[in-house]
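Dear colleague,

Please find below the sequence and structure that I am handing over to you. My notes on what was found follow directly after them.

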Amino acid sequence: RQDSPNQAIEDPIIKEFLGDVLGKTILDLGCGTGLFGKELLKRGANSYTGVEGSSRMAEIAVQNVQKLNGEIVHQSLETFDFTKQTYN
């Protein structure tokens, strides 16, 4: 929801920390609904991989990034092998 603590407090800090994402390859561990990934892709990220352990959240995330250069992996964070690709 738009008025959640994540939206009000965390999002601005994370966006400031990330800075310009143009051309970046993004890995989001625990991506939830993928809305943050959708935003990053619209801001110019080259690609986005979201990893989500919840099957329902992963389904929603797939819908949110399906028309963009995004990928959602339904897998636990403990078993996901992120060393196969470089993220920046």
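**Strands, crossovers and core**

Strand 1, helix 2 and strand 2 together form a β-α-β unit that is right-handed. Please bear in mind that this is a predicted model. A further right-handed β-α-β crossover takes the chain from strand 2 through helix 3 to strand 3.

Strand 2 (residues 47-52) pairs with two partners. Strand 1 (residues 25-29) runs parallel to strand 2 and is joined to it by five bridges. Strand 3 (residues 70-74) is likewise parallel to strand 2, again over five bridges. Thr49 illustrates both pairings: Leu27 stands opposite Thr49 of strand 2, and Glu71 is the bridge partner of Thr49 in strand 3.

Is strand 2 mostly covered or open, and how many of its residues are buried? The strand is mostly covered, with six of its six residues buried. In a regular strand, side chains alternate between the two faces of the sheet. Here Ser47, Thr49 and Val51 lie on one side, while Tyr48, Gly50 and Glu52 lie on the other, and all are buried.

Tyr48 also belongs to the largest nonpolar core, which has eleven residues, among them Val21, Ile26, Cys31, Leu41, Val65 and Ile72. Helix 2 (35-42) and helix 3 (55-65) are the elements that give two or more residues to this core, and helix 3 gives the most, with three. Leaving aside neighbours within four places in sequence, Tyr48 is in contact with residues including Ile26, Cys31, Leu41, Val65 and Ile72, as well as Asp28, Asn69 and Glu71.

With kind regards

Note on methods
Residues numbered from 1 in each chain as written. Predicted model: local features only at pLDDT ≥ 70, side-chain atom pairs only at ≥ 80, totals over all residues. Heavy atoms only, no water. Core = buried A, V, L, I, M, F, W, Y, C linked by side-chain atoms within 4.5 Å. Buried < 20%, exposed > 50% of the residue type's maximum accessible area, 1.4 Å probe, protein only. Helix = DSSP H or I, 4+ residues; strand = E, 2+ residues; numbered from the N terminus. Contact = heavy atoms within 4.5 Å. Pairing = 2+ DSSP bridges. Right-handed = clockwise from strand over helix to strand, strands pointing away.
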